[in-house]
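Subject: Structure handover

Hi,

Here is the structure I promised to pass on. Please open it first, then read my notes below.

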Amino acid sequence: MTTLTIELKSSKTLSLIEQLESLDLLRIVKEQTKPCNIADMLAGSITHEQAAQMNRELTEMRV
């Protein structure tokens, strides 16, 4: 069995694919989305030096 990812260009396309599924010619598999962890997404986006500088500036602003 081969799994493909396709992009539908119209609502008619989805209807046709659903008809193919009802004929047991294919199976629609819903893509499982993983919960988004913002820390993982941003990890490494700035250097340690930049982070330290931002922390110093924030500390100065709070005083």
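What follows is what I found, from the whole chain down to single residues.

Confidence comes first. This is a predicted model. The mean pLDDT of the protein is 89. A pLDDT of 70 or more is reached by 100% of its residues. Among the elements, helix H3 (residues 48–62) has the highest mean pLDDT, at 95. H2 has the lowest, at 84.

Now the fold. The protein holds 3 helices and 0 strands. Along the sequence the pattern is α-α-α. The radius of gyration is 24 Å, while the globule rule gives 11 Å for 63 residues, so the protein is more spread out than a compact globule. Along the principal axes, the C-alpha atoms fill a box of roughly 70 × 25 × 15 Å.

Next, burial and surface. Of the 63 residues, 2% are buried. The accessible surface of the protein is about 6600 Å². Carbon and sulfur atoms account for 56% of that surface.

Charges are quick to report. The protein has 7 positive and 9 negative charges. Their mean positions are 4 Å apart.

On to H1. This helix has 12 residues. From its first C-alpha to its last it reaches 17 Å, close to the 16 Å expected at 1.5 Å a residue.

The loop between helix H1 (11–22) and helix H2 (38–42) contains aspartate 24. In general, most residues other than glycine have a negative phi. Is aspartate 24 buried or exposed? Aspartate 24 counts as exposed because its relative accessibility is 70%, and the cut-off for exposed is over 50%.

Proline 35 lies in the loop between H1 and H2 too. Proline 35 has a relative accessible area of 78%, so it is exposed. How far apart are proline 35 and leucine 16 in space, C-alpha to C-alpha? The distance is 31 Å, for a sequence separation of 19 residues.

That covers my notes.

Best wishes

Definitions and conventions. Residues are numbered from 1 along each chain as its sequence is written. This is a predicted model: local features need pLDDT of at least 70, side-chain atom pairs count only at pLDDT 80 or more; totals for chains, interfaces and linings use all residues. Side-chain values use heavy atoms; hydrogens and water are left out. Helices (H or I, at least four residues) and strands (E, at least two) are DSSP runs, numbered from the N terminus. Buried means under 20% relative accessible area, exposed over 50%, partly exposed in between (1.4 Å probe, protein chains only). The radius of gyration is taken over C-alpha atoms; the globule rule is 2.2 Å times the number of residues to the power 0.38. Accessible areas come from the Shrake-Rupley method with a 1.4 Å probe; for residues, only the protein chains shown count as cover. Lys and Arg count as positive and Asp and Glu as negative; His and the chain ends are not counted. The place of a charge is taken as NZ of Lys, CZ of Arg, CG of Asp or CD of Glu. The expected span of a helix is 1.5 Å times one less than its number of residues. pLDDT is the predictor's confidence in each residue, from 0 to 100.
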